[in-house]
Amino acid sequence: MSKFWRRFKRLVLKRKRKKEAIKLSLTDLMSMAKPNLESREKILHKLSGRELVNCFQCIKCTSGCTALKLLELKPHEIIKLFNLGFVDELASSDIIWTCATCLKCLQRCPQRASPYHVIMALRNLAVEREAKVPEGYLKAVSRILETGLAEGVQDVVSRKMEVFNRENLKLPKIAYPKESFQAAFMKAMEER
């Protein structure tokens, strides 16, 4: 069992015990913040080959962000705060969990700064530090590890109130993933 997986499971158990977590906004966290350049350098080392410091705040990433409209995720601000060294505050905030991982920011960035990779690195850092992780995210990762599916198989009801499922549609049963899938998935989660 990997180090990441042990921390992840511990986080799930901790969350189950503690139903309500204190929520602080990114603005609340920034009012008390001090830059941590050491954490920033560690993430930059992990993301070698990415041009994060070349971001000139053109806001193309934010203008194309699918989470901006509903969740006010602003990838250009995350890159700016990251480059200034406010890594601890970003890793402790809820904003990193609103990314839909659509990769539009990666496609739109003229400088190849990749807010997506920074957000994934910050999420990994949050899990390593056992920071608050949204319950839905933990459930989704657990479900993928157990079944290989982001959503469970569901019956569907037609307009005529007929119930359809895989069995009566004569579809093959879904094969659950093997241990090699789980190991590969966890390795991918640890890397980025």
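Predicted model: local features only at pLDDT ≥ 70, side-chain atom pairs only at ≥ 80, totals over all residues.

Student: Okay, and which residue does the side chain of Arg-40 meet in a salt bridge?

Tutor: That would be Glu-41, with 2.9 Å from N to O. Glu-41 has a relative accessible area of 42%, so it is partly exposed.

Student: How many salt bridges does the structure hold?

Tutor: There are four. One of them joins the side chains of Lys-42 and Glu-38, at 3.9 Å from N to O.

Student: Where do Lys-42 and Glu-38 lie?

Tutor: Both are in helix α3, which covers residues 37–46. They sit four residues apart, and that is about one turn of the helix. Lys-42 and Glu-38 are both exposed.

Student: What about Arg-129, what does it form a salt bridge with?

Tutor: Its partner is Asp-88, and the closest N and O atoms are 2.6 Å apart. Arg-129 is in the loop between α9 (115–128) and α10 (135–147), while Asp-88 is in helix α7 (residues 87–92), so this pair ties together parts that are 41 residues apart in sequence.

Student: Are those two buried or partly exposed?

Tutor: Arg-129 is partly exposed, with a relative accessible area of 39%. Asp-88 is partly exposed too, at 22% relative accessibility.

Student: Let's zoom out. How many helices and strands are in the chain?

Tutor: You'll find eleven helices and two strands. Along the sequence the pattern reads α-α-α-α-α-α-α-α-α-α-β-β-α.

Student: And how much of the chain counts as buried?

Tutor: The chain has 192 residues, and 35% of them count as buried.

Student: Which residues touch the most other members in the largest nonpolar core?

Tutor: Those are Ile-43, Ile-78, Phe-82, Val-118 and Leu-122, in a core of 33 residues. Two or more residues of this core come from each of α3, α6 (75–84), α7 and α9. The element that gives the most is α9, with nine residues.

Student: While we're on α9, is Tyr-116 buried or exposed?

Tutor: Tyr-116, which is found in helix α9, has a relative accessible area of 19% and is buried. The cut-off is under 20%, so 19% falls on the buried side.

Student: How far apart are Tyr-116 and Thr-101?

Tutor: In sequence they are 15 residues apart, and in space the C-alpha to C-alpha distance is 6.8 Å.

Student: Now the outside. Which residues gather in a patch of positive charge on the surface?

Tutor: Look for Lys-60, Lys-69, Lys-104 and Arg-108. Arg-108 belongs to helix α8, residues 104–108, and is partly exposed with a relative accessible area of 37%.

Student: Which residues make the nonpolar surface patch?

Tutor: Val-156, Phe-164, Leu-169 and Leu-171 make a nonpolar patch of about 330 Å². Val-156 is found in strand β1, which runs over residues 156–157.

Student: Thanks, now I know where to look!

Key: Residues numbered from 1 in each chain as written. Heavy atoms only, no water. Patch = residues over 30% accessible without salt bridge, like charges linked within 9 Å, V, L, I, M, F, W, Y side chains within 5 Å. Areas by Shrake-Rupley, 256 points an atom, 1.4 Å probe, with all protein chains shown as cover. Lys, Arg positive; Asp, Glu negative; His and termini not counted. Charge placed at Lys NZ, Arg CZ, Asp CG, Glu CD. Buried < 20%, exposed > 50% of the residue type's maximum accessible area, 1.4 Å probe, protein only. Core = buried A, V, L, I, M, F, W, Y, C linked by side-chain atoms within 4.5 Å.
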